[in-house]
Amino acid sequence: MSIIKKILIALLGVLIFIQFIKPVKNQSDAVTPNDIFANFQTADSTKQLIRTACYDCHSNNTVYPWYAEIQPISWWLADHVKEGKSELNFSEFASYKPKKADHKLEEVIEMIQEGEMPLKSYTLIHGNAKLSDEQKTAIITWAEGLRSQIQPNIK
């Protein structure tokens, strides 16, 4: 047996083995009491838009695609979601102090305006998360409205 065949067999063995090492999924059945939509009035159309374009990476409940069961892709997704939630977690938004909440909304506006969110790598596979100009305006208007509610509470 050639060295290349041995290497390929070893790689296949490793790939099979790592399929059994799965990260914990970011899924929750309940809406948390700190969820942004449990604490701030939002039009249903805007809620749905934000849930579709943002919640997979920025909440406590990710809807996973079929390929999330394949290693090492699931590790990459888990890391991506963890990083997204560390930047902004809509499921915990009401727990933020007013200054932090205001800043996070300012970043939402900036990221949408600059086309940085949703990520291109996300919208490649999740076409329904691509935002039209009208949808971007809706999210920006929503975030600006929330900022105006939060800013009087900043100390």
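This is a predicted model: local features need pLDDT of at least 70, side-chain atom pairs count only at pLDDT 80 or more; totals for chains, interfaces and linings use all residues.
Helix 6 spans residues 98-113 and helix 8 spans residues 133-150. Their axes come within 9 Å and cross at roughly 160 degrees. Angles over 145 degrees count as roughly antiparallel, and the two helices are therefore roughly antiparallel to each other. The crossing of helix 6 and helix 8 is left-handed. On the helix 6 side, the contact involves Pro98, Ala101, Asp102, Leu105, Glu106, Val108, Ile109, Ile112 and Gln113. These residues meet Lys136, Ile139, Ile140, Trp142, Ala143, Glu144, Leu146, Arg147 and Ile150 of helix 8. By class, the contact residues comprise 12 nonpolar, one polar and five charged.

Seven aromatic pairs were found in a search of the whole structure. One of them joins Phe40 and Phe93 edge-to-face, at 6.1 Å centre to centre and with 75 degrees between the planes. The two residues are 53 residues apart, and their pair links distant parts of the chain. Phe40 sits in the loop between helix 2 (36-39) and helix 3 (44-53). Phe93 sits in the loop between helix 5 (73-87) and helix 6. Phe40 is buried, at 17% relative accessible area. Phe93 is also buried, at 2%.

Tyr55 and Phe90 form a stacked pair, with 5.6 Å between centres and 10 degrees between planes. Tyr55 belongs to helix 4 (residues 55-58), whereas Phe90 lies in the loop between helix 5 and helix 6, so the pair ties together parts that are 35 residues apart in sequence. Both Tyr55 and Phe90 are buried. Together with Phe37 and Trp142, they form one aromatic cluster.

How values were computed. Residues are numbered from 1 along each chain as its sequence is written. Side-chain values use heavy atoms; hydrogens and water are left out. Axes are lines fitted to C-alpha atoms, for helices over the stretch in contact, and angles run from 0 to 180 degrees between N-to-C directions. Helices (H or I, at least four residues) and strands (E, at least two) are DSSP runs, numbered from the N terminus. Angles under 35 degrees count as roughly parallel, over 145 as roughly antiparallel, 65 to 115 as roughly perpendicular and the rest as oblique. A crossing is left-handed if the near helix is turned anticlockwise from the far one by less than a right angle, and right-handed if clockwise. Contact means heavy atoms within 4.5 Å. Ala, Val, Leu, Ile, Met, Phe, Trp, Tyr, Cys and Pro count as nonpolar, Asp, Glu, Lys and Arg as charged, and the others, Gly among them, as polar. Rings of Phe, Tyr and Trp (its six-membered ring) pair if their centres lie within 6.5 Å; planes under 30 degrees apart count as stacked, over 60 as edge-to-face and the rest as tilted. Buried means under 20% relative accessible area, exposed over 50%, partly exposed in between (1.4 Å probe, protein chains only).
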